[in-house]
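Me: Could you go through this structure with me? I would like to start with one residue and then see what surrounds it.
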Amino acid sequence: MRFTEIMHFLVTTSEVPSSERLSAEIERILGVYGFKYYCVFHQPKPIENAAELIVAANWPPEWVKRYVAKKYIVMDPTIRFLLRANRSFSWRDAVEAYRDNPHYRRMKAMMADGKAHGLTSGYIFPVFSRAGLIGATTIGGPEDVELSPAEVALLETAFRNAYIRYLEFMGEAPATAVQPTAEITMTHREIQTLNNLAEGRTSPEIGAILNVSSNTVDWYVASLQAKLKARNRNHAVALAFRQGLIT
């Protein structure tokens, strides 16, 4: 029954005439699964106001205000895990991934604060393009909801399509368009490193985000410089912008 609902949602996202109808369809599929809230957003960037990244949402307004005021985006385990993940995941999985992190207690406290605002459990579905992570949809609600691996996989596709549709309604080119002149193949980690370099972050800062050592980041950077034929990391970023590998 619920698989049929997902397939209906997949078809509908390509046919709805407006972003308002698309949002209504998202709320309908969430109701089927027992979720209440959703937020579609662009790639997270800690230096930005988190509210400015939102594409579409039905999220507890008081939680949004608190999230921004407390600068939770910096410590949010779901966002930190999103920046290093290559698949969809539950909020619970994200928190447990940082059990040995020195900020684990603060992360747990943040999640408890979210629970007090009606966000007990949920999932995040990332959207990747050739340049890496470009956005995501997070869903949640006041009840514990467990999705099967098959449901997660189908919903990942459905929410990816929904994200692209929102971009189209906003008048933006689909984020999955491939630059014909860009023929360089990079790993997912190299793409993440490149995007963080473009944000002006150092190797230790990138290592903290990706949960790897700064030496490992330097190895990624060296590989990027070789592939781009760049003289240094700044030159690598400039060439990547020029070739459309990052925007």
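**A residue and its surroundings**

Me: Leaving aside its neighbours within four places in sequence, which residues is Leu147 in contact with?
Reply: Keeping in mind that this is a predicted model, Leu147 is in contact with Tyr33, Phe35, Tyr123, Phe125, Val152 and Leu155, once the neighbours within four places in sequence are set aside.

Me: And where does Leu147 lie?
Reply: Leu147 lies in a loop, the one between strand β5, residues 132-141, and helix α7, residues 149-169.

Me: Is Leu147 buried or exposed?
Reply: Leu147 counts as buried, because its relative accessibility is 6%, and the cut-off for buried is under 20%.

Me: What separates Leu147 from Asn58?
Reply: Along the chain they are 89 residues apart, and the separation between their C-alpha atoms is 20 Å.

Me: Let's move to β5, then. How many of its residues are buried?
Reply: Strand β5 is mostly covered, with 10 of its 10 residues buried.

Me: Which strands pair with β5?
Reply: Strand β1, residues 37-42, runs antiparallel to β5 and is joined to it by 6 bridges, while strand β4, residues 121-129, pairs with β5 over 9 bridges, also in the antiparallel sense.

Me: Which residues in β5 are the bridge partners of Val40 and Gly122?
Reply: Val40 has Thr137 of β5 as its bridge partner, and Gly122 has Gly140 of β5. Another pair is Ser129, which stands opposite Gly132 in β5.

Me: What order do the strands have in the sheet?
Reply: The sheet is open and has 5 strands, in the order β2-β1-β5-β4-β3, with antiparallel pairing. Strands β2 (54-58) and β3 (89-90) stand at the edges and each has a single partner strand, so one side of each is left without a neighbour in the sheet.

Me: Changing topic, which strands does helix α2 lie across?
Reply: Helix α2, residues 19-33, lies across β1, β2 and β5, and runs at about 130° to β1.

Me: How do the axes of α1 and α2 cross?
Reply: The axes of α1, residues 2-13, and α2 cross at roughly 170° and come within 10 Å, which means that α1 is roughly antiparallel to α2. Among the residues making the contact are Phe3, Ile6 and Phe9 of α1, together with Leu22, Ile26 and Tyr33 of α2.

Me: What is that contact like by class?
Reply: The contact of α1 with α2 has 8 nonpolar, 3 polar and 4 charged residues.

Note on methods:
Residues numbered from 1 in each chain as written. Predicted model: local features only at pLDDT ≥ 70, side-chain atom pairs only at ≥ 80, totals over all residues. Heavy atoms only, no water. Helix = DSSP H or I, 4+ residues; strand = E, 2+ residues; numbered from the N terminus. Buried < 20%, exposed > 50% of the residue type's maximum accessible area, 1.4 Å probe, protein only. Contact = heavy atoms within 4.5 Å. Pairing = 2+ DSSP bridges. Axes fitted to C-alpha atoms, helices over the stretch in contact; angles between N-to-C directions. Parallel < 35°, antiparallel > 145°, perpendicular 65-115°, else oblique. Nonpolar A, V, L, I, M, F, W, Y, C, P; charged D, E, K, R; others polar.
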